[in-house]
Each structure stands twice: as structure tokens, then as C-alpha cells.
Amino acid sequence: MKKYILYLLAFLFMGLSFTGCSDDDDANCSPKPIVGEWRMVSWSDTSVEGMKVYLHLTPCSTFELFQRIENTHYTKYIGSYSASAGILSGVYSDGESWVTDYKYTLSEDGNTLTLETVNEPVETSVYTRTIIPDDVKNTKSTRAPANTRRVL
């Protein structure tokens with residue numbers, strides 16, 4: 001009987017040791033100052049009245065973009081991003097890259113994120129740290145019509 005208990009314990013121990021997290025799982029999950037939930041407050045020095053945009057950047061280099069532009073409902077886009085040396089770039093889940101890369105700056109208090117396009121014409125968008133409302137977060141991922149402009 002003791003023999004069976006020892007075998008059982010050995011198998012349990014081996015099973016637990018294989019289910020731990022690997023270093024590869026956390027390779028892209030590192031705290032970055034820009035990680036968080038953001039709301040666009042201005043775009044190219046103009047008010048964003050009539051346009052609502054939320055951006056969620058995760059520590060694992062994925063993003064969710066929620067936008068309501070000339071629409072009554074939000075469109076959700078997902079994908080991955082990279083932030084390095086002050087440059088933010090991304091790829092949507094359908095494989096399409098963002099329109100451009102962005103130079104990013106963060107305010108001293110960490111509550112304002114400014115994105116400036118690296119390509120001409122230079123456009124600047126400003127985001128403030130926020131909590132994205134649940135009704136926005138619950139928007140299903142959709143593919144907008146081809147003529148819908150993505151903010152990023």
C-alpha cells in the first residue's frame with residue numbers, strides 16, 4: 001500500500017511541476033508605463049466631440065481599441081502592440097498594421113498619454129487614464145465596414 005501512495009505522490013508532484021508558468025509565457029508581460037485604460041480627449045488639437053475612443057493596453061502587449069465614430073455603437077478592435085524607445089506600433093488581429101507608428105510621451109504623473117504620428121502629416125492624439133465603462137468593454141469584436149476609419 002505504501003508503494004502505491006509513494007507512486008501517487010510522485011505522479012502528483014511531477015504533474016504539478018509541469019503545470020507551472022514558463023518563462024516564455026511571461027516574456028511579453030512586463031509592466032510598461034503606458035499599460036492601462038485610456039480615453040481620447042483630443043485629436044490634432046481639436047475636440048473629439050461626437051467621437052469616443054477608448055484604448056486598453058495590457059502588460060502582455062495586447063490591446064483593445066473601442067471606437068464610436070459617426071456611429072451609434074462601439075466597434076472593438078483587438079491585436080498586439082510593441083512599445084520601445086518611445087515608439088508605439090501595433091498590428092490588428094486580422095494582420096493589418098496600424099496606419100502608422102507613434103511617438104509616445106507620458107506626463108510626469110502618468111495620467112496623460114500623447115501619441116504623435118511618425119509619418120506626415122503629423123497628427124497628435126491625447127489620452128487620459130480612465131476606467132473603460134463595462135458597457136463599452138462588453139462590445140463584441142467586430143469587423144467594421146471597409147470604409148470605417150480606425151483611429152490607430
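A residue counts as buried when its relative accessible area is under 20%, as exposed when over 50%, and as partly exposed in between (1.4 Å probe, protein chains only). The model here is predicted, so local features need pLDDT of at least 70 and side-chain atom pairs count only at pLDDT 80 or more, while totals for chains, interfaces and linings use all residues. Numbering runs from 1 along each chain as its sequence is written, and side-chain values use heavy atoms, with hydrogens and water left out.

Side chains of opposite charge can pair when their charged atoms come close. A salt bridge is a side-chain nitrogen of Lys or Arg within 4 Å of a carboxyl oxygen of Asp or Glu, and a search of the whole structure turns up three of them.

Take E37 and K137, whose closest N and O atoms are 2.9 Å apart. This pair ties together distant parts of the chain, 100 residues apart: E37 sits in strand β1 (residues 36-43) and K137 in helix α2 (residues 134-137). Helices (H or I, at least four residues) and strands (E, at least two) are DSSP runs, numbered from the N terminus. E37 is buried at 14% relative accessible area, whereas K137, at 31%, is partly exposed.

Next come K76 and E64, with 3.2 Å between the closest N and O atoms. Here strand β5 (residues 75-84) supplies K76 and strand β4 (residues 62-69) supplies E64, twelve residues apart. K76 is buried, at 12%, but E64 is partly exposed, at 22%.

That leaves E116 and K103, where the closest N and O atoms are 4.0 Å apart. E116 belongs to strand β8 (residues 112-117) and K103 to strand β7 (residues 102-106). E116 is partly exposed at 29%, and K103 is partly exposed at 43%.
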